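Here are some exercises to work through with the model open beside you. Try each task before you read its solution.

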Amino acid sequence: MSERISIPARGRNKDTILDELYKLHLNDVSWKEGRAWSMVYYVDQEHQQLLEQAYNSFFSENYLNPFAFQSLKKMELEVIQMTAGLLNGDENVTGTMTSGGTESIFLAVYTYRERARQLFPHIKQPEIVVSTTIHPAFEKAAHILNIVVKKAAVDQNLCAQPQALEKLISPNTILIAASAPTYPHGVLDPITEIASLAQARKIPFHVDCCIGGFMLPWVEKLGYPVAPFDFRVPGVTSISADVHKFGYGAKGASVLLYRNMNYLKHQFYVATDWPGGIYASPTLLGSRPGGAIAATWSAMQALGQDGYLRITQEIMLATSQIRKALEDIPEIIILGNPVMNILAYSTRDNQPDIFVIADQLEQKGWMLDRQQLPNSIHLTVMRQNISVIDQYLEDLKASIIFAKEHPAATAKGNAALYGLMARIPFRGMVEKNVRKIFEELYDFSKTAPLQDEETPSTLPPAPIWMGQLNRVLTAVVRVKGFWKKRR
Ligand SMILES: Cc1ncc(COP(=O)(O)O)c(C=O)c1O
């Protein structure tokens, strides 16, 4: 058993701590150099400094009690109003700030469940209707809140199909949700059509604009074709939009908007019998970091509409450049019809194997999201990626040549792992094994203690975890083959 790490017996020198923090960064992906195609939404150093200063100026303030911190209340209300305006809401549109997309989605699902409990008490087993491409945060929320998720297949362009959603509606449906756009492929679900069927049946309709909320409005203003997706569409009852994505605020900030207070009121929680006093909370968290609110408000003030438009234009031009270059590579296909700066690409008939290409790109220092159903590579084009597009495309072309020359590479490395994942018919087995990896990750009797400042990571590097998963899944496929033969 490894030795448990404890709080240092004596406080350490500030400079050594900061030095250690700096070294910890060295094992991370070089996102600032554009090596990651997701996760970090960055403008530039100047904007970063403003966010840090704004965050620090409200570093200690706690938005647990809005009456104690009028400053935070003012900033939250202004962020909500600015977002409502951006998404074409009228003066009745209202909402709250949350800690991120997952909390916004969780709260939307919770709010509609509470609403149904009050208005339709005969519904004993509430259901939500979504498409397979909806963000997993909906399933996670439904799992926690004991709600059944009914998932409809998407069409050839990977967009939600209104008729398929309609078929899943039952007297127990408390919510329909769709994406503007979807995370995996950046395609826009047909919001108007889904909204009209929801409205006809008096079912609330949430639009997940977590990634698109601070991008699509500018994309539309720049003249790119964007079908209506926001409060202009009758029947849309709520929208989530993350300011910590393309709003370029600090991490920990999203906005959840409802068409009016008749929906939002179901989100509030009040405990009246607590010895600590009457406890009331508008969102999921108790203590809420003031810094995230202050940084977000400052980001919107500093960028202004002209700043958002300028950055969006740069990103969209870069996206067109990379899209065109991908389309010119004969082996590559772009999935669906992406509407903003998200692209998912694969190979025609998976020849050569897209995951072998992904492995090669990874070896060349790119961090990638490998996607499944269908297999593809995801790109969210960020500002920091712009200067490395040519390099990426060059490495991609070399990786395609390698993959064509080495078809056996499919059986090795991460390509094998992801290939196996896709082939395993029992998703329960995949889940079980991924859970096991998490258990090991957090099993401190097995992880090595943090001793050496030169090698600061307590976790084995990703490929080892991948290798473990690979072994487990290979075994699963073999067992499956064995049973098939017996039958
Ligand atoms: C469409 C969509 N919804 C929800 C989320 C979840 O957001 P978060 O990671 O901030 O919880 C994401 C994250 O990328 C997203 O793209």
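**Exercise 1. Find how α3 passes α10, and at what angle.**

Step 1: α3 passes α10 in a left-handed crossing, that is, the near helix is turned anticlockwise from the far one by less than a right angle (clockwise would be right-handed). Helices here are DSSP runs of H or I with at least four residues, strands are runs of E with at least two, and both are numbered from the N terminus.

Step 2: The axes of α3 (residues 70-86) and α10 (residues 290-327) come within 9 Å and cross at roughly 45 degrees. Axes are lines fitted to C-alpha atoms, for helices over the stretch in contact, with angles from 0 to 180 degrees between N-to-C directions.

Step 3: α3 and α10 are therefore oblique to each other (under 35 degrees is roughly parallel, over 145 roughly antiparallel, 65 to 115 roughly perpendicular, and the rest oblique).

Before going on, note that this is a predicted model: local features need pLDDT of at least 70 and side-chain atom pairs pLDDT 80 or more, while totals for chains, interfaces and linings use all residues. Residues are numbered from 1 along each chain as its sequence is written, and side-chain values use heavy atoms, leaving out hydrogens and water.

**Exercise 2. Describe the surroundings of the ligand.**

Step 1: The ligand is surrounded by 13 residues (each with a heavy atom within 4 Å), and the closest are G101, T102, D208, H244 and K245.

Step 2: Helix α4 (residues 101-119) gives the most to this shell, three residues.

Step 3: Look for side-chain polar contacts (N or O pairs within 3.5 Å) to oxygen atoms of the ligand: T102 has one at 2.5 Å, K245 at 2.9 Å and D242 at 3.5 Å.

Step 4: The protein covers 83% of the 390 Å² of accessible area that the ligand has on its own (Shrake-Rupley method, 1.4 Å probe).

**Exercise 3. Locate the cis peptide bonds at P352 and P374.**

Step 1: Most peptide bonds are trans.

Step 2: The bond from Q351 to P352 is cis, with omega near -10 degrees, and P352 sits in the loop between β11 (342-347) and α11 (354-363).

Step 3: The bond from L373 to P374 is also cis, with omega near 0 degrees; P374 is in the loop between β12 (369-371) and β13 (376-380).

How values were computed: Polar contact = N/O pair within 3.5 Å; in protein donor to acceptor, adjacent residues only side chain to side chain.
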